[in-house]
Protein chains: 2
Amino acid sequence: MRSLSTLDELRKTRFSLDGTVGLVPTMGFLHDGHLSLIRRARDECDHVIVSIFVNPTQFGPKEDLAKYPRDLERDLRLIEPLTDLVWTPSAEIMYPTGYQTWVEVEAVARPLEGAMRPGHFKGVTTVVAKLFNAVQPHKAYFGQKDAQQVAVIRQMVRDLNFPIEIVVCPTTREPDGLAMSSRNVYLDAEQRQAATVLFRSLSAAKELFEAGERDAEKLRGKMKEVLASEPLTEPQYVSCADYDTLEELTEIKGKALLSMAVFIGKTRLIDNFVLG
Amino acid sequence: MRSLSTLDELRKTRFSLDGTVGLVPTMGFLHDGHLSLIRRARDECDHVIVSIFVNPTQFGPKEDLAKYPRDLERDLRLIEPLTDLVWTPSAEIMYPTGYQTWVEVEAVARPLEGAMRPGHFKGVTTVVAKLFNAVQPHKAYFGQKDAQQVAVIRQMVRDLNFPIEIVVCPTTREPDGLAMSSRNVYLDAEQRQAATVLFRSLSAAKELFEAGERDAEKLRGKMKEVLASEPLTEPQYVSCADYDTLEELTEIKGKALLSMAVFIGKTRLIDNFVLG
């Protein structure tokens, strides 16, 4: 596996590759969710490029950029058997002095995470556009765990004509249902236990849906009810929205997204299920 | 020459091309300035793709989108001997229902044209990013006539890691010095005569510079003085700015840009000289 940091090195190596290239963009501190994306890319593409970059522009001023978990050595060891090439640019390479260009998606980036984390998706779409242009992949792999990120990036790809297929992989979960996330490391034992309530709450709403319930407010109510049963959690939002536009639904007709953001102590966790 | 309109047709044809590709993005109603870009592209690249698209998002609500001159048949006839491929997408192809993604450059897009035409460069950078992704050229050709557009696009290419070389070609002028522009067709005979004042004004300031003047305010004063001698003109701005940042200068040290926007009747003309 080759590990590169400058854009010039990446370009030179990229242009020497024949066949299809799959990109797996990550912020490092890799877990089985990331590895499942890399395996899928390896199955589908001739070459896999993993990027590891904790993107400062997608963190709000009061968010956890400084303490976001990092362990590059461990990351490299984990992906070594799975990857041709890893790109680990510095912040100075991605955002040099005088940097001043932004890619912004509007409507679909506004609710949910966009409403709670102003500027977050502007940072995401900008860095992903930069990664796409730098790596020039045929396919790029993202996890369903970040459902709105997927919707926003799909919209960007469609709107800006990126010749790239976005592949969305299922959320990887712990045996007790907790969605894997680099941020789970923040949880102490008691919080870790409580964190299963996101999965339980989504499961309860899905059960209602599968029993025929189509009233979105009833599903939101069920999710809130289950979350309320866990005293350590403080829900930030609970949503039952259209799968493509992410607008809140009254009645579920087509594909829908159940999603939520929940604080457990100071740790903010998100999770979602797709219905239909 | 093949003429295509859908993105799928363009992609299919583009992927079948071996060797280097040069893109010349235009809004049509082609003149010798455009043809000089196409010739340069033909000299430097294995294939040339010309796009013709009057981009609605770079026109302000009170600007001349509806009456912007168009003559596709004539355009196609003019470029037939020079071009492999012309892409003429419709507005519906470029901005389908639900379109919501924008590329925006900040500081360098703010003064001069950016100050006079709010939103103009946001439309320019967005459509150019779309054209770059659709065509995937190795080089893209722009005229020095639109000096700030060149500065803004260069910044975007650098910031977003587009693997594309921006080639800037000299302004093509009529024998009396008037910069070629599709908008010159708006001028009546008397206005056309008056329009040479932009070139005369820039030339007078350049002469001062070549005689050793480095006080930017004196060069701006000289340009204003020459413009004032022509009663049909109404200057909108007159600038002597840093070539890269486009910030107004006090003293000229490195490369500088003399530029201006002038109304002649209802027609808005721009022109510029590079110093140093």
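Let's start at the contact. Strand E5 of chain A and strand E5 of chain B, residues 101-105, run antiparallel and are joined by five bridges. One of the pairs: A:Thr101 has B:Val105 as its bridge partner in E5(B).

Keep in mind that this is a predicted model. The predictor's scores for the complex are an ipTM of 0.96 and a pTM of 0.97. For chain A, the average pLDDT is 97, and 100% of the residues score at least 70.

Now the contact as a whole. Chain A puts in 24 residues, and chain B puts in 24 residues. On the chain A side, four elements each supply at least two residues: helix H1 (7-15), strand E5 (101-105), helix H6 (120-135) and helix H7 (147-159). E5(A) gives the largest share, five residues. What classes of residue make up that side? It has 13 nonpolar, six polar and five charged residues.

Next, backbone angles. Most residues other than glycine have a negative phi. Here are two that go the other way.

Take A:Leu246. Its phi is positive, about 65°, and it is not a glycine. Where is A:Leu246? In chain A, in the loop between strand E8 (233-242) and strand E9 (256-264). Buried or exposed? A:Leu246 has 22 C-beta neighbours inside 10 Å, so it counts as buried; the cut-off is 20 or more.

Then B:Asn161. Its phi is also positive, near 65°. B:Asn161 sits in the chain B loop between helix H7 (147-159) and strand E7 (165-169). B:Asn161 is buried too, because 21 other C-beta atoms lie within 10 Å.

Notes:
Residues are numbered from 1 along each chain as its sequence is written. Chains are lettered from A and ligands numbered from 1 in the order in which they are written. This is a predicted model: local features need pLDDT of at least 70, side-chain atom pairs count only at pLDDT 80 or more; totals for chains, interfaces and linings use all residues. pLDDT is the predictor's confidence in each residue, from 0 to 100. A residue is buried if 20 or more other C-beta atoms lie within 10 Å of its own, exposed if 12 or fewer, and partly exposed in between; C-beta atoms are placed from the backbone. Two residues are in contact if their C-beta atoms, placed from the backbone, lie within 7 Å. Ala, Val, Leu, Ile, Met, Phe, Trp, Tyr, Cys and Pro count as nonpolar, Asp, Glu, Lys and Arg as charged, and the others, Gly among them, as polar. Two strands pair if DSSP finds at least two bridges between them.
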